[in-house]
Amino acid sequence: MSLGTDPLDALEIPDGTTVEEHDLVTDGDVIVGGQSTVEFGVRGRNLVAGERVRFGGDIEAEGDCRLDMWCDVAGNVLVGDDAYLGERVHVGGQLMVSGDLDIGDDVEIDEGFEANGWIVIRNPVPTLVFYFIVLSQLLRVGEQGAAEEIADALSGDAPEDPLVIPRGSEVSDDSWQVSTPARIGDDCRLHGNVRATEIDVGADNNVFGSLRARGDVTVGEGTRIHGDVTTRGGAVRLDPDVRVLGDVSCNDLELHEDAVVDGSIRSRGEMRIVRAEASREVE
């Protein structure tokens with residue numbers, strides 16, 4: 001991938017992500033863009049959050065946790081390795097760090113903190129500046145391969161893709177609202193209506209909410225949508241064994257014969273039914 005690619009240009013939900021009792025759970029890393037609101041608690045490997053991100057529950061990071069300035073966490077922060085907290089971060093519960101703690105000025109931790117390693121009180125470098133410095137230094141010394149690995153990890157091209165929430169997003173039990181495209185992997189179980197410019201849903205998912213986009217919407221094989229599928233100006237494609245427990249509204253519709261729509265279908269343009277034998281189609 002190009003080092004110029006913006007790693008926060010889409011909502012990326014990797015395979016196997018679930019919402020469990022108001023916690024957002026993933027096996028990989030979590031990257032949250034600045035000025036976002038995540039009403040869930042978050043459990044993952046490493047967590048990176050930009051400035052002014054608000055979390056509505058606990059944070060549990062198996063590896064490192066980095067919170068930029070003015071972040072607010074309603075619950076506890078439990079970190080398996082090192083933690084980096086920028087100035088004026090607020091933690092509503094306890095902060096427990098198994099490794100080192102790098103902490104900025106005016107940080108508030110309501111129920112105290114504990115760190116097993118070094119504790120340094122200063123202002124850590126903001127996260128995006130930190131990554132820029134690292135990438136710039138690697139490129140300066142000719143470590144193109146290492147720089148590409150870091151950029152790939154941030155952009156979702158790594159073998160284990162991170163969960164990426166773009167800047168300015170709002171994520172809750174009610175809705176996942178972003179101003180970018182949204183891509184959902186396979187075998188996910190999510191709560192909330194998904195609102196994005198375009199939506200691509202993988203296979204064998206359960207989405208307890210509706211899908212609404214300005215552009216195209218694709219729903220992969222075996223996925224169940226507990227709500228409507230709506231696009232303002234794009235097309236909808238429903239793959240085999242998809243079930244929509246609501247209405248479908250779009251310009252053009254590609255509907256596999258094994259897909260089921262419980263509600264009404266409104267297609268302003270072309271509607272095509274795709275049969276199991278690709279050579280036979282009904283228009």
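This is a predicted model: local features need pLDDT of at least 70, side-chain atom pairs count only at pLDDT 80 or more; totals for chains, interfaces and linings use all residues.
Residues are numbered from 1 along each chain as its sequence is written, and side-chain values use heavy atoms, with hydrogens and water left out.

**Overall make-up**

- The secondary structure of the protein chain comes to 2 helices and 39 strands, these being DSSP runs numbered from the N terminus (helices are H or I with at least four residues, strands are E with at least two).
- Of the 283 residues in the protein chain, 47% count as buried (buried means under 20% relative accessible area, exposed over 50%, and partly exposed in between, with a 1.4 Å probe and protein chains only).

- An open sheet of 12 strands runs in the order 17-14-11-8-5-21-22-25-28-31-34-37 with mixed pairing, and two strands pair if DSSP finds at least two bridges between them.
- Strand 17 (108-109) and strand 37 (265-267) stand at the edges with a single partner strand each, so one side of each is left without a neighbour in the sheet.
- Strand 25 (residues 193-196) pairs in the parallel sense with strand 28 (residues 211-213) over 3 bridges, and R195 stands opposite R212 in strand 28.
- Strand 22 (residues 175-177) also pairs with strand 25 in the parallel sense over 3 bridges, and the bridge partner of Q177 in strand 25 is R195.

**Salt bridges**

- The count comes to 11 salt bridges (a side-chain nitrogen of Lys or Arg within 4 Å of a carboxyl oxygen of Asp or Glu).
- E51 forms a salt bridge with R167, their closest N and O atoms being 2.6 Å apart; E51 lies in the loop between strand 7 and strand 8 and R167 in the loop between strand 20 (163-165) and strand 21 (170-171), so the pair ties together parts that are 116 residues apart in sequence.
- R167 counts as partly exposed at 44% relative accessibility.
- The side chains of R43 and D23 meet in a salt bridge at 3.6 Å, N to O, and E20, D23 and R43 are linked in a network of salt bridges.
- D23 counts as buried at 19% relative accessibility, whereas R43 is partly exposed at 25%.
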